[in-house]
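Here is a friendly walk through one protein model, taken site by site. Keep the viewer open and follow along as the residues come up.

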Amino acid sequence: MNKKNYAANGGNESIALAVVNVSINGEVKEVIPAFTKYSIRRRNLSKTLENVDKTKVLPTVFGFSHSDIFRKEGVKLLDFNGNEIPNEVDELATVLVYLDKADNLHLFEDSTEPLPAVMVECESVADAYNRVSTSFALSQLPQKDDWVGLCEATTSDNVLSQIREFANTHKVNGTVAQAYFGLRYTIAELKRSAVSKTSPLGDDTTFRSKDDAERLYSVAAEYLTARAASQTRIARALNASAKKYTVEEVVSALEDIKLNDQKAILNAACDERESALTSYIAEYMGRRSATAA
């Protein structure tokens, strides 16, 4: 993407606007990609993008609409950098309004080749953004368990493979699966790992074995129900407790749970369930220590 100066205010001023080359029907032309107040706000992806090799991006097509329908409806047009594009520039250059797409929203800045593009004939501004809305409604971004799988594929990390297998076997999400292994990576961390092809697990990272993860889940499913064992707050409580004590001690606490304690945990409000379980295990360990003394 480059900048180019255009005359404005009847030729009395000059304005620098962002331009890009696009390829439409085999013809390459320079255009000013225009955005509006309805355009999807681009997020700051600097931490992710620093590891991205954009030559590995899958093919995509940029959709553009003619600017006249936006001008007729009085919608202000802005260039990539947020500068207003005066109406008179339309007579000096090709101004095309970008129609947001999830797979190329962040691909303008570093483009060195003409962007593969198509013109979309829109009847109105409402029609243009209805098309944008429909495309986004049908888009699907990876969830955490998907990112675990993508990291596994790009890094060949055996622990990630075990976590994904655990999630698929027990039909739990990525956050829950990680908790049983004693790990807690965010989507942002997994995303950076996948695009840089480096494992999110450092050399000093500690985690549970698959056997311990399976044992924690099995005893939780047996004594707190399978539904509870699959809940994020229960998994977090078990993870925290197993780190404070041991897996064996947490297993013993669940195996010795009384009906009243079980009901108190399962009937607790959703946001209180984690503290209810950790409190029960802490109280159990306290009684056990007192008895041993």
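Thr-36 is buried in this predicted model, and its relative accessible area is 6%. Because the cut-off for buried is under 20%, Thr-36 falls within that class at 6%. Thr-36 sits in the loop between E3 and H1.

What does Thr-36 touch, leaving aside its neighbours within four places in sequence? The contacts are Phe-70, Val-75, Lys-76, Leu-77, Val-97 and Tyr-129. With Tyr-129 there is also a polar contact, side chain to side chain, at 2.6 Å. A polar atom of the Thr-36 side chain also lies 3.0 Å from the backbone nitrogen of Tyr-38.

**A partner in the loop**

Ser-39 belongs to the loop that runs between strand E3 (27-34) and helix H1 (46-49). A polar atom of the Ser-39 side chain is 2.9 Å from the backbone nitrogen of Thr-36. Is Ser-39 buried or exposed? Ser-39 has a relative accessible area of 16% and counts as buried, because the limit for that class is under 20%. Not counting residues up to four places away in sequence, Ser-39 touches Asp-100 and Tyr-129.

Another serine to look at is Ser-135, which is part of helix H3 (residues 125-137). Ser-135 counts as partly exposed, at 39% relative accessibility. From Ser-135 to His-170 the C-alpha to C-alpha distance is 32 Å, with the two residues 35 apart in sequence.

Now for the open spaces.

| Pocket | Volume | Lining by class |
|---|---|---|
| Largest pocket | about 1600 Å³ | 18 nonpolar, 8 polar and 8 charged residues |
| Second largest pocket | about 370 Å³ | 8 nonpolar, 4 polar and 3 charged residues |

Which residues lie nearest the centre of the largest pocket? They are Ala-102, Asp-103, Leu-141, Trp-147 and Lys-191, out of 34 residues that line the largest pocket. The elements that give two or more residues to this lining are H1, helix H4 (144-155) and helix H7 (187-196). H7 provides the largest share, 4 residues.

The second largest pocket has a volume of about 370 Å³. Its lining has 15 residues, and Lys-54, Val-57, Leu-107, Ser-111 and Leu-115 are the closest to its centre.

**Aromatic residues**

How many aromatic pairs does a search of the whole structure find? The search gives 15 aromatic pairs. One of these is the pair of Tyr-280 and Tyr-284, which is tilted, with 6.3 Å centre to centre and 40° between the planes. Both tyrosines lie in helix H13 (residues 273-292), 4 residues apart, about one turn of the helix. Tyr-280 and Tyr-284 are both buried.

Elsewhere in the model, one aromatic cluster is formed by Phe-35, Phe-62, Phe-64, Phe-80, Tyr-98 and Phe-108.

**Two positive phi angles**

Ser-156 has phi near 60°, a positive value in a residue other than glycine. Ser-156 is placed in the loop between H4 and helix H5 (158-170), and Ser-156 is exposed, with a relative accessible area of 63%.

Lys-197 likewise has phi near 60°, again a positive value in a residue other than glycine. Its place is in the loop between H7 and helix H8 (210-224). Is Lys-197 buried or exposed? Lys-197 is exposed, with a relative accessible area of 55%, because exposed means over 50%.

Definitions and conventions: Residues are numbered from 1 along each chain as its sequence is written. This is a predicted model: local features need pLDDT of at least 70, side-chain atom pairs count only at pLDDT 80 or more; totals for chains, interfaces and linings use all residues. Side-chain values use heavy atoms; hydrogens and water are left out. Buried means under 20% relative accessible area, exposed over 50%, partly exposed in between (1.4 Å probe, protein chains only). A polar contact is a pair of N or O atoms within 3.5 Å; within protein, one must be able to donate a hydrogen and the other to accept it, and residues adjacent in sequence count only if both atoms are side-chain atoms. Contact means heavy atoms within 4.5 Å. On a 1 Å grid over the protein atoms alone, a cavity is a set of points where a 1.4 Å probe fits but cannot get out, and a pocket is an open set with protein on both sides within 12 Å along at least five of seven lines; lining residues have an atom within 4 Å of a point. Grid points are joined across faces, edges and corners, and a volume is the space filled by probe spheres set on the points. Ala, Val, Leu, Ile, Met, Phe, Trp, Tyr, Cys and Pro count as nonpolar, Asp, Glu, Lys and Arg as charged, and the others, Gly among them, as polar. Rings of Phe, Tyr and Trp (its six-membered ring) pair if their centres lie within 6.5 Å; planes under 30 degrees apart count as stacked, over 60 as edge-to-face and the rest as tilted.
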